[in-house]
Amino acid sequence: MDYSEYSENREYFKKLIDEKNLKELKSTMAEMNVVDIAEIIEDFDDKTMLLIFRMLPKEMGADVFSYMEMYNKLRIVNSITDEELRSILEELYFDDMIDVLEEMPANVVTKVLKNSTPDTRKLVNEFLRYPEDSAGSIMTIEYVSLRPEMTVKEALQYIKTTGIDKETIYTCYVENEYKMLLGFVSLRTIVISDENELIKNIMTDDVIFVNTLDDQEVVADKFTRYGYLALPVVDGEHRLCGIITFDDILDIVEEEATEDFHKMAAINPSDDEYLDQTPWQLAKNRIPWLLILMISATVTGHIVDRFNGIISQFIILTTFIPMITDTGGNCGAQSSTVVIRAMATGEITMADALKVIFKEMRVGLIAGAVLSVVNFLRVILFTSSSPRIAFLISFTVFFTVVFSKFLGALLPLFAKRVNIDPAIMASAVITTIIDSAALLIYFAMAEIFLKVV
């Protein structure tokens with residue numbers, strides 16, 4: 001739903017509520033997508049939002065609730081009765097309920113658990129003990145489980161009986177009486193097989209799975225690599241604990257990408273929406289890295305101070321400092337961004353480190369040669385500088401570009417090697433480091449070219 005459509009629907013909702021035409025409002029919502037309804041009602045005040053929410057059918061209300069932002073879910077939970085809350089919980093998929101509980105205050109969790117069945121409370125408490133952002137914390141227990149000795153006919157009947165409450169029925173998992181994962185079989189395979197065929201004869205036993213303690217980023221990588229709609233989650237003894245579906249992992253991919261973008265911009269990541277954060281919260285996430293980078297930049301000042309002698313004799317050198325440092329920073333940022341992205345998508349690993357560094361250095365040689373020639377012509381044709389200065393600038397650009405490409409490839413790989421998020425080594429950090437290196441190269445070469453010590 002684009003912005004114009006959203007605005008139009010919101011105004012229509014408001015008009016119907018003002019006119020007290022609730023019958024028409026209910027009829028309109030029945031034909032809308034639950035995602036769009038969630039987006040619209042979140043912008044109303046508590047009283048209006050609750051009025052609209054209570055008009056939704058039971059099943060539809062639970063779906064709308066699952067797509068709302070956490071802050072607005074909390075507004076709903078704090079406003080509805082225990083009976084209404086119990087009704088929502090009954091309709092929510094188990095993993096959606098866990099997602100809600102993980103983000104809500106302890107008093108709300110207590111209220112939710114109080115309105116759950118004993119079996120549900122036991123399962124919820126078990127799930128809440130999994131580490132945050134682990135596979136166990138995002139999996140669902142609503143999957144189709146078959147036994148190997150079942151016939152295709154029995155399996156189809158079982159799927160028809162239980163499938164309505166499952167998150168997905170397209171992939172069915174085969175386990176023994178001890179819940180050990182043996183394999184999987186697709187619904188398509190079951191449907192086209194002979195009804196007397198045993199499940200163990202048509203299942204695939206080469207199963208790609210994740211462990212309950214695996215980080216959600218590992219799970220996202222496996223989904224990207226293998227392209228499955230769902231992945232089974234097992235414990236340390238290979239017992240099937242649950243599954244993770246593709247729609248759940250899309251949220252994780254978005255979270256991880258957002259976190260990487262923040263780190264690449266030297267901002268401490270936050271789970272809160274931008275508009276939900278106060279200026280103080282936003283500043284708090286940015287100031288630490290700004291302080292680190294500002295203090296680190298004092299190294300540049302010391303380098304300039306170290307070469308005051310040559311600068312005082314050749315003032316023209318200061319004219320080219322911004323161009324040299326910017327070129328170096330841009331080249332390093334290009335390399336680091338490409339390498340970080342390739343690492344995130346699994347295109348390169350630590351085993352490829354030397355290949356990556358060597359390739360980026362060759363890129364640096366080509367780019368450095370082109371940029372240095374262009375700079376030489378620019379300095380000769382458009383400034384009054386001498387050929388010696390033009391050669392100095394060109395050689396400095398060449399070596400700065402090569403070094404920046406080398407550093408842009410090396411630092412993310414080094415970060416990965418010492419278990420630091422490579423995204424930290426993106427543009428903001430690497431530009432600060434390369435600025436200092438570029439100035440050091442520039443003035444060191446100036447002493448050689450201009451014969452001044």
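Trainee: How do you know that β2 and strand β3 count as paired, and in which sense do they run?

Mentor: In this predicted model, β2 and strand β3 (residues 181-186) are joined by 5 bridges and run antiparallel. Pairing requires at least two bridges between the strands, so with 5 bridges β2 and β3 count as paired. Tyr173, for instance, stands opposite Phe184 in β3. The two strands form a hairpin with 5 residues between them, and Lys179 in the turn has a positive phi of about 65 degrees.

Trainee: What makes β1 and β2 a pair, and what is the sense of their pairing?

Mentor: Strand β1 (residues 145-146) and β2 are linked over 2 bridges in the parallel sense, and because the rule asks for at least two, β1 and β2 pair as well. Leu146 has Val174 in β2 as its bridge partner.

Trainee: Why is the pair formed by Phe403 and Phe406 called tilted?

Mentor: A pair of aromatic rings is described by the distance of the centres and the angle of the planes. For Phe403 and Phe406 the centres are 6.4 Å apart, and because rings pair within 6.5 Å, these two count as a pair. Their planes stand at 45 degrees, whereas stacked needs under 30 and edge-to-face over 60, so the pair is tilted. Both residues lie in helix α22 (residues 387-417), 3 residues apart, about one turn of the helix. A search of the whole structure finds 10 aromatic pairs, and Phe184, Tyr226 and Tyr228 form one aromatic cluster.

Trainee: Is Phe403 buried, partly exposed or exposed, and what of Phe406?

Mentor: Phe403 has 31% relative accessibility, which lies between the cut-offs of 20% and 50%, so Phe403 is partly exposed. Phe406, with a relative accessible area of 26%, lies between those cut-offs too, and is therefore partly exposed.

Trainee: How do you know whether Phe382 is buried or exposed?

Mentor: Phe382 has 68% relative accessibility, and since exposed means over 50%, Phe382 counts as exposed. Phe382 is in helix α21 (residues 353-382). Together with Val373, Leu377, Ile380 and Leu381, Phe382 forms a nonpolar patch on the surface, with about 530 Å² of accessible area together.

Terms used. Residues are numbered from 1 along each chain as its sequence is written. This is a predicted model: local features need pLDDT of at least 70, side-chain atom pairs count only at pLDDT 80 or more; totals for chains, interfaces and linings use all residues. Side-chain values use heavy atoms; hydrogens and water are left out. Patches are made of residues with over 30% relative accessible area and no salt bridge: like charges are joined within 9 Å, nonpolar side chains (Val, Leu, Ile, Met, Phe, Trp, Tyr) within 5 Å. Accessible areas come from the Shrake-Rupley method with a 1.4 Å probe; for residues, only the protein chains shown count as cover. A salt bridge is a side-chain nitrogen of Lys or Arg within 4 Å of a carboxyl oxygen of Asp or Glu. Helices (H or I, at least four residues) and strands (E, at least two) are DSSP runs, numbered from the N terminus. Buried means under 20% relative accessible area, exposed over 50%, partly exposed in between (1.4 Å probe, protein chains only). Rings of Phe, Tyr and Trp (its six-membered ring) pair if their centres lie within 6.5 Å; planes under 30 degrees apart count as stacked, over 60 as edge-to-face and the rest as tilted.
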